[in-house]
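Please work through the exercises below with the sequence and the model side by side. Each task is followed by a solution that goes step by step.

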Amino acid sequence: RQRQMCIRDRLRKTDQQVQDLLEKDDGGAICMINLIKFRQKAEYEDGRETDLSGIEAYQIYGAVTGSLIKKLGGDVVFTSVLNGMVVGEVEELWDVMAIAKYPTLQSFIDMVSSPEYLKVYHHRIAGLKGQLNIASTQVI
């Protein structure tokens, strides 16, 4: 009998998820793997009308976030449009995969709680249909 992996994407982190990461933190660099699915049309939580696509709303957020990552001494290491499955099956393929590297977990936490980040966060939520954000440690 084959066991199925259950995946629940969310648009927001939980305090428990951050706490779990902090308990495992070794103080070294951390990479965030992002699997991203965009909305066709941006949907702002405040109900505003917009002609922006999900990708366009996310790009507003991404431009600021990319600058913040660099300012912290990190880098967006890799970004790729996903084309199709080779092994396995999913109901719906993610649109983009990106890896951002931060000098420390604390620098990531500082970024996502900074005023500059919070000022554009609503564009992220408006643009995304779903996301997985996975913390990892680079080994090679």
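The model is predicted, so local features are taken where pLDDT is at least 70 and side-chain atom pairs where it is 80 or more, whereas totals for chains, interfaces and linings use all residues. Residues are numbered from 1 along each chain as its sequence is written, and side-chain values use heavy atoms, with hydrogens and water left out.

**Exercise 1. The overall fold**

Task: State how many helices and strands the protein chain has, and in what pattern they follow along the sequence.

Solution: Begin with the elements, which are DSSP runs numbered from the N terminus, helices being H or I with at least four residues and strands being E with at least two. On this basis the protein chain has four helices and four strands, and reading along the sequence gives the pattern α-β-α-β-β-α-α-β. Next consider burial, where buried means under 20% relative accessible area, exposed over 50% and partly exposed in between, with a 1.4 Å probe and protein chains only; of the 140 residues in the protein chain, 33% are buried. Finally turn to contacts, meaning heavy atoms within 4.5 Å: among those between residues at least 6 apart in sequence, 76% join residues at least 24 apart.

**Exercise 2. The sheet**

Task: Work out the order of the strands in the sheet, and explain why one side of S2 and of S4 is left without a neighbour.

Solution: Two strands count as paired if DSSP finds at least two bridges between them. In general, the strands of a sheet pair through backbone hydrogen bonds, either parallel or antiparallel. Here four strands form an open sheet in the order S2-S3-S1-S4, with antiparallel pairing. Strand S2 (75–81) and S4 stand at the edges and have a single partner strand each, so one side of each has no neighbour in the sheet. From one strand to the next, the twist averages 15°.

The pairs can then be taken in turn:

- S2 and S3 are joined by six bridges in the antiparallel sense, and Val-81 stands opposite Val-96 in S3.
- Strand S1 (residues 30–38) pairs with strand S3 (residues 96–102) over seven antiparallel bridges, and Asn-34 stands opposite Ala-98 in S3.
- S1 and strand S4 (residues 128–136) run antiparallel and are joined by eight bridges, with Ile-33 opposite Ile-134 in S4.

**Exercise 3. Helices H3 and H4**

Task: Explain why H3 is described as largely enclosed, and identify what the buried residues of H4 pack against.

Solution: Six of the eight residues of H3 are buried, so this helix is largely enclosed by the rest of the structure; they are Leu-105, Ser-107, Phe-108, Ile-109, Met-111 and Val-112. Take Leu-105 as an example, whose relative accessible area is 2%. Leaving aside residues up to four places away in sequence, Leu-105 touches Leu-21, Leu-22, Asp-25, Gly-28, Ile-30 and Met-32. The C-alpha atoms of Leu-105 and Leu-22 are separated by 7.6 Å, although these residues are 83 residues apart along the chain.

For H4, the buried residues include Tyr-117, Val-120, Tyr-121 and His-123, and the buried residues of this helix pack against S1, H2, helix H3 (105–112) and S4.

**Exercise 4. The aromatic rings**

Task: Find how many aromatic pairs the structure holds, and decide whether the pair of Tyr-61 and Tyr-117 is stacked or edge-to-face.

Solution: Rings of Phe, Tyr and Trp (its six-membered ring) pair if their centres lie within 6.5 Å, and planes under 30 degrees apart count as stacked, over 60 as edge-to-face and the rest as tilted. The structure holds five such pairs. For Tyr-61 and Tyr-117 the centres are 5.6 Å apart and the planes make 75°, which is edge-to-face. Tyr-61 lies in helix H2 (residues 54–71) and Tyr-117 in helix H4 (residues 115–127), so this pair ties together parts that are 56 residues apart in sequence. Both Tyr-61 and Tyr-117 are buried.

Ring pairs also link Phe-38, Tyr-58, Tyr-61, Tyr-117 and Tyr-121 into a cluster.

Note on methods:
Axes fitted to C-alpha atoms, helices over the stretch in contact; angles between N-to-C directions.
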